[in-house]
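Reader: I am new to protein models. Can we go through one together, feature by feature?

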Amino acid sequence: MGSTVLSLRIDGELLDRLRHHAARRGMSVQDYVVRTLIRDDFDERFNAAVDETEKFYGLT
């Protein structure tokens with residue numbers, strides 16, 4: 001899978017918090033943000049799958 005560049009404009013306070021969170025985990029800010037986005041995407045897809053399963057079995 002290839003990669004694409006995504007440029008973000010964020011405020012300095014948020015960047016400082018991201019640096020702090022990333023440093024606690026021994027990660028770069030870029031790796032921390034990407035991992036956070038991947039985790040959030042997984043959560044959304046998982047919840048959608050659960051909703052579809054519940055609809056299929058008539059649980060909702």
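This is a predicted model: local features need pLDDT of at least 70, side-chain atom pairs count only at pLDDT 80 or more; totals for chains, interfaces and linings use all residues.

Reader: Why does F46 count as partly exposed?

Author: The general idea is a pair of cut-offs: buried is under 20%, exposed is over 50%, and partly exposed lies in between. F46 has 48%, so it falls in the middle class. F42 is also partly exposed, at 46%.

Reader: Which kind of aromatic pair do F42 and F46 form?

Author: Look at the angle between the ring planes. Under 30 degrees counts as stacked, and over 60 as edge-to-face. A search of the whole structure gives 2 aromatic pairs. In the pair of F42 and F46, the planes are 20° apart and the centres 6.0 Å apart, and the pair is stacked.

Reader: How many residues apart are F42 and F46 in helix α2?

Author: They are 4 residues apart, so about one helical turn separates F42 from F46. Now take F56 and Y57. Their planes stand at 90°, so this pair is edge-to-face, with ring centres 5.0 Å apart. F56 and Y57 are both exposed.

Reader: How many salt bridges does the structure hold?

Author: There are 4 salt bridges. To read one, find the two side chains and the N to O distance. One of them joins D41 and R45 at 2.9 Å, N to O. Both residues sit in helix α2, 4 residues apart, about one turn of the helix. D41 is partly exposed at 39%, whereas R45 is exposed at 51%.

Reader: Where do D16 and R19 lie, and what separates them?

Author: They lie in helix α1, 3 residues apart, so about one helical turn separates them. D16 is partly exposed at 47%, and R19 is partly exposed at 45%. Helix α2 holds E52 and K55, also 3 residues apart. The side chains of E52 and K55 form a salt bridge of 3.6 Å, N to O. K55 is exposed, at 54%.

Reader: What about empty space?

Author: Rolling a probe the size of a water molecule over the atoms shows where empty space is left. Here the largest pocket holds about 560 Å³. Its lining has 17 residues, with T4, L6, Q30, V34 and L37 nearest the centre.

Reader: Which helix gives the largest share of that lining?

Author: Helix α2 does, with 6 residues. Helix α1 supplies at least two. By type, the lining has 13 nonpolar residues, 4 polar and no charged.

Technical notes
Residues are numbered from 1 along each chain as its sequence is written. Side-chain values use heavy atoms; hydrogens and water are left out. On a 1 Å grid over the protein atoms alone, a cavity is a set of points where a 1.4 Å probe fits but cannot get out, and a pocket is an open set with protein on both sides within 12 Å along at least five of seven lines; lining residues have an atom within 4 Å of a point. Grid points are joined across faces, edges and corners, and a volume is the space filled by probe spheres set on the points. Ala, Val, Leu, Ile, Met, Phe, Trp, Tyr, Cys and Pro count as nonpolar, Asp, Glu, Lys and Arg as charged, and the others, Gly among them, as polar. Rings of Phe, Tyr and Trp (its six-membered ring) pair if their centres lie within 6.5 Å; planes under 30 degrees apart count as stacked, over 60 as edge-to-face and the rest as tilted. Buried means under 20% relative accessible area, exposed over 50%, partly exposed in between (1.4 Å probe, protein chains only).
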